Structures are given as C-alpha cells and as structure tokens.
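Good morning, everyone. Please look at the sequence and the model on the screen while I talk.

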Amino acid sequence: IKIIDQHLAAASSNNSTTMQSTLQKLLHEETISKLLPAHCNRREVIEVGSFNNSPALFFKWENGITVEEWVGKVQQIHTQVGVVDFNVRLRAAMAIAKTLSQFHQKSVAYNALSPKNIVLMPFEGDYVAKFIDLSDAVVCKELQTYKDMTAVDLKSFGRLLDQLFQMEGGG
C-alpha cells in the first residue's frame, strides 16, 4: 500500500478550509479512479482515509519507474554506449498513447501529463504505462469541453514525446 502525500503538505496546517479543499481533491481522485474501468491503466485507489491526522488516499502499489526516471536512465545509456534503440523509446511512447486513449474513450481528460505522473513497467517485451495522480483529471460531459480538454492532453503528449526522443540520433 502506498500513501499519497502530495496534498498532505498543504493540509498540514490547522486551516479547516485547506483541509476541506485537500479532502475534496482526494475524493475527486478516488471518484475518477473508480469511474475508469479495471483495464484502464491508472493507479487504483484502495480507500480514502487519514494519515497523521491529515486526509490521505491509500493506493495499490504499482511496480515500475516514472517516465522521468526512465528518461534519465535512457540518457545515461545514450552517453555510455552511444545510441539507445529507437524501438525502446517507441514502445514506451506507444504505451503512454494507449493509456491516454483509454482515458479519452471514457471521456476523461487526464490534464496532468508529465514524466513524473506516468509509471512505466516492462511487460512481455513491451511497456505498460500507468497514470498516477488523478487529482487534475476531468470528466467531460459536453462535447466542446471534451475537445478542449483532450487538446490540452495531446499538447502535453507532444511535449512528452519530445522528451522521450530528444536524445535519439545524437540530438
């Protein structure tokens, strides 16, 4: 079990408004997590609870490393051996695109696509990407909102691809 503490720092004060806001964010993340089907690659919330007298989410542990860590390792390998296989980067990018597509198929815009919010796990010669921190995700009920919010996701995905492939071919 892993406890999210990203919102706990904000909640550590005795300010009841801050505590209420933090609790609302955590409940929102739980709601989004439960809205998405089991096959959708998101970190699973086990329960909303309390940790050190602050609101907390308890998650199922996910194996793997963040894309941020993965890119760092890829850059080290690039420096040491010259070139990292393009197909390795492509498989990681495809896993992220698949997970983003799963969210969009359920009318959920992730809204926080960044290397620190994606966990990559090797699986049968490929990768599986799991999105963590659903606190900024949005359920889109109107078509225009869906188009606007998924456009934000796609722009973020483009920036992420740039990070994944920036060292490819010596660039």
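In which sense do strand 4 and strand 6 pair, and over how many bridges? They pair in the antiparallel sense, over two bridges. Strands count as paired if DSSP finds at least two bridges between them.

A word on the ground rules. This is a predicted model, where local features need pLDDT of at least 70, side-chain atom pairs count only at pLDDT 80 or more, and totals for chains, interfaces and linings use all residues. Residues are numbered from 1 along each chain as its sequence is written, and side-chain values use heavy atoms, with hydrogens and water left out.

Now the overall layout. The protein has five helices and eight strands. Both are DSSP runs, numbered from the N terminus: helices are H or I with at least four residues, strands are E with at least two. From the N terminus, the order is β-α-α-β-β-β-α-α-β-β-β-β-α. Of the 171 residues, 42% are buried. Buried means under 20% relative accessible area, exposed means over 50%, and partly exposed lies in between, with a 1.4 Å probe and protein chains only.

Back to strand 6. Six bridges join strand 6 to strand 7, and these two run antiparallel. Phe123 has Asp126 in strand 7 as its bridge partner. The hairpin has two residues between the strands, and Glu124 takes a positive phi near 50° there.

Stay with Asp126. What does its side chain meet in a salt bridge? Its partner is Arg91, at 3.5 Å, N to O. The rule asks for a side-chain nitrogen of Lys or Arg within 4 Å of a carboxyl oxygen of Asp or Glu. By that rule the count is one salt bridge. Asp126 lies in strand 7 and Arg91 in helix 4 (residues 86–105), so the pair ties together parts 35 residues apart in sequence. Asp126 is partly exposed at 40%. Arg91 is partly exposed too, at 27%.

Next, the rings. A pair of aromatic rings is described by the distance of the centres and the angle of the planes. Rings of Phe, Tyr and Trp (its six-membered ring) pair if their centres lie within 6.5 Å; planes under 30 degrees apart are stacked, over 60 edge-to-face, and the rest tilted. That gives four aromatic pairs. Phe103 and Tyr110 have centres 5.7 Å apart and planes at 85°, so this pair is edge-to-face. Tyr110 and Phe131 have centres 4.6 Å apart and planes at 40°, so that pair is tilted. Tyr110 sits in the loop between strand 5 (108–109) and strand 6 (118–123), and Phe131 in strand 7 (residues 126–131), so the pair ties together parts 21 residues apart in sequence. Phe103, Tyr110 and Phe131 form one aromatic cluster. Are Phe103 and Tyr110 buried or exposed? Both are buried. Phe131 is buried as well, at 0% relative accessibility.

Last, the core. A nonpolar core is a set of buried Ala, Val, Leu, Ile, Met, Phe, Trp, Tyr and Cys residues joined through side-chain atoms within 4.5 Å. The largest one has 28 residues, and Trp70 and Ile96 have the most contacts inside it. Helix 4 gives the largest share of this core, seven residues. Trp70 touches several residues beyond four places away in sequence, among them Val88, Leu120 and Leu164. Contact here means heavy atoms within 4.5 Å.
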